[in-house]
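Trainee: Please take me through this model, one point at a time.
Mentor: Gladly; here is the chain.

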Amino acid sequence: MPMELRRCLLAPPSEVWTAAENLRHAVHLHNEGDRSGAAVLFRAADLARIGDWFKKVVGPFDESIHGPRPTFLEPPKLPMHQRKRPRMVSAAGKRAIIARDGYHCRFCEMPVIPKDTVKAIALLYPEDAPWTDVAADQHRFFQAANLQYDHLLPHSRGGESSVENMVVTCAVCNYGRMSNTLAESFLLDPRDFPSRTSSWDGLQLIVL
Ligand SMILES: [Zn+2]
């Protein structure tokens, strides 16, 4: 039976929502000067179930998650010199994408956090919200929630780095899709659905 089109490769565990609430509260306590209270809540959001979800989707190919392998690539994978430039959207383009999409993944709706914020929090709370280049040592919510500007038509397949072709996603949905098109991943086009709106602000209120 052919695979049905879906909104995302694998829905996040429900724990992401309680973890996001803990993080929001952690930022509130931090801003009030309660560092030890904030530390406890940063730690509480570092959940094994979120790490397991990341590993399943980003890990080795699994047909039940990634869909059957395409038999041929259309459009084809382009050699480097034929790919559109620039590789990444401009700073103004990123601001426009955030203004449109907010701080939620356009595929799975996971609350996301900009990388600069993840790194700043890790500097303040290295034990409780760790961020290093080693995936196994990263805080598991931050790892999954690391905000991505994702090309819907992949850059390697001729996609432009434009506001129209790019959306906010979580790291799980971006890395999990690799350089496959939406059709090859059996994904619905997220532009056909409204962005999730909520008061989640990607922890932008933290006082650094
Ligand atoms: Zn996602």
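Mentor: Two strands count as paired if DSSP finds at least two bridges between them. Helices (H or I, at least four residues) and strands (E, at least two) are DSSP runs, numbered from the N terminus. The model is predicted: local features need pLDDT of at least 70, side-chain atom pairs count only at pLDDT 80 or more, and totals for chains, interfaces and linings use all residues. Residues are numbered from 1 along each chain as its sequence is written.

Trainee: Which residue in β2 stands opposite Y149?
Mentor: Strand β1 covers residues 148–151 and pairs with β2 in the antiparallel sense, over four bridges. Facing Y149 across the pair, in β2, is V168.

Trainee: In what order do the elements run from the N terminus on?
Mentor: The chain holds eight helices and two strands. The order is α-α-α-α-α-α-α-β-β-α.

Trainee: What radius of gyration does the chain have?
Mentor: The C-alpha atoms fill a box of roughly 55 × 40 × 30 Å along the principal axes. A compact globule of 208 residues would come near 17 Å, by the rule of 2.2 Å times the number of residues to the power 0.38, over C-alpha atoms. The chain agrees with that, at 18 Å.

Trainee: Is W131 buried or exposed?
Mentor: Buried means 20 or more other C-beta atoms within 10 Å of a residue's own, exposed means 12 or fewer, and partly exposed lies in between; C-beta atoms are placed from the backbone. W131 sits in the loop between α6 and α7. It has 20 C-beta neighbours inside 10 Å, so W131 counts as buried.

Trainee: How far is W131 from V118 in space, C-alpha to C-alpha?
Mentor: W131 touches V118 and K119, among others, not counting residues up to four places away; contact means C-beta atoms, placed from the backbone, within 7 Å. W131 and V118 are 13 residues apart in sequence, but C-alpha to C-alpha the spacing is 7.4 Å.

Trainee: Why do the buried residues of α3 line one face, and within what arc?
Mentor: Helix α3 (residues 48–58) buries I50, W53, F54 and V57. Seen down the axis, they line one face because their directions fall within an arc of 100°.

Trainee: Which helices do the buried residues of α3 pack against?
Mentor: An α-helix has 3.6 residues a turn, so residues three or four places apart point the same way. The buried residues of α3 pack against α1 (15–32), α4 (63–66), α7 (140–145) and α8 (171–177).

Trainee: What is omega at the cis bond between R85 and P86?
Mentor: Another cis peptide bond joins E74 and P75, with omega about -5°. P75 lies in the loop between α4 and α5, and P86 lies in the loop between α4 and α5 too. For R85 to P86, omega is near 0°.

Trainee: What is the phi of L203?
Mentor: Most residues other than glycine have a negative phi. L203 is in the segment after α8 and counts as buried, with 23 C-beta neighbours inside 10 Å. L203 is not a glycine, yet its phi is positive, about 60°.

Conventions
The arc is that of the directions from the helix axis to the C-beta atoms. Two residues are in contact if their C-beta atoms, placed from the backbone, lie within 7 Å.
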